[in-house]
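Subject: Structure handover

Hello,

Here is the structure you are taking over. Please open it and keep it in view while you read the notes below.

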Amino acid sequence: MGISAVLNIAASGLQANTRRLAATANNVANAATPGYNRLETSLTSQPYGGVSASVSPSNSTTFDDASNVDLGSELIDMKTAEIGYKANAAVFETGADLWDVLMSIKKD
């Protein structure tokens with residue numbers, strides 16, 4: 001696996017966690033909206049590395065026009081997305097640093 005593949009995999013993780021955090025933010029913003037159906041994010045690994053995220057409305061039903069958003073669960077989803085984002089950012093930064101080292105060696 002080359003450096004560019006590592007960077008692409010990390011970038012896909014950044015994008016997936018960004019989508020996950022956006023869905024969570026939308027859920028929190030609409031928690032008090034009657035009848036709101038929370039968004040769920042599914043992460044899927046790709047065949048050649050990386051991950052993609054898909055967002056869809058929850059299948060669970062709401063009662064008496066209340067939303068089906070549980071703020072505790074949304075907080076956990078937010079923290080999980082944050083940790084995933086930070087981990088992928090660290091991998092991307094390390095890969096970019098390695099790329100710089102390789103390019104400086106190639107110049108010499």
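Which residue in strand 2 does Leu43 stand opposite? Leu43 faces Ala53. Strands here are DSSP runs (E, at least two residues), helices are DSSP runs too (H or I, at least four residues), and both are numbered from the N terminus.

Two notes on method come before the rest. This is a predicted model, in which local features need pLDDT of at least 70 and side-chain atom pairs count only at pLDDT 80 or more, while totals for chains, interfaces and linings use all residues. Residues are numbered from 1 along each chain as its sequence is written, and side-chain values use heavy atoms, with hydrogens and water left out.

Strands

Strand 1 and strand 2 (residues 51-57) run antiparallel and are joined by seven bridges; two strands pair if DSSP finds at least two bridges between them. They form a hairpin with five residues between them. Gly49, in the turn, has a positive phi of about 105°.

Salt bridges

Side chains of opposite charge can pair when their charged atoms come close. A salt bridge is counted when a side-chain nitrogen of Lys or Arg is within 4 Å of a carboxyl oxygen of Asp or Glu. The search of the whole structure finds six of them.

Asp77 takes part in a salt bridge with Arg20, with the closest N and O atoms 3.8 Å apart. This pair links distant parts of the chain, since Arg20 is in helix 1 (residues 3-29) and Asp77 in helix 2 (residues 71-107), 57 residues apart. Asp77 also forms a salt bridge with Arg38, at 3.2 Å between the closest N and O atoms. Arg38 is in the loop between helix 1 and strand 1 (39-45), 39 residues from Asp77. Arg20 is buried, at 16% relative accessible area, and Arg38 is buried at 14%; buried means under 20%, exposed over 50%, and partly exposed in between (1.4 Å probe, protein chains only). Arg20, Arg38, Glu40, Glu74 and Asp77 are linked in a network of salt bridges.

Within helix 2, Lys79 and Glu82 lie three residues apart, about one turn of the helix. Their salt bridge has its closest N and O atoms 2.8 Å apart. Lys79 is partly exposed at 40% relative accessibility, and Glu82 is partly exposed at 28%.

Also in helix 2 is Val101, which is partly exposed, with a relative accessible area of 43%.

Regards
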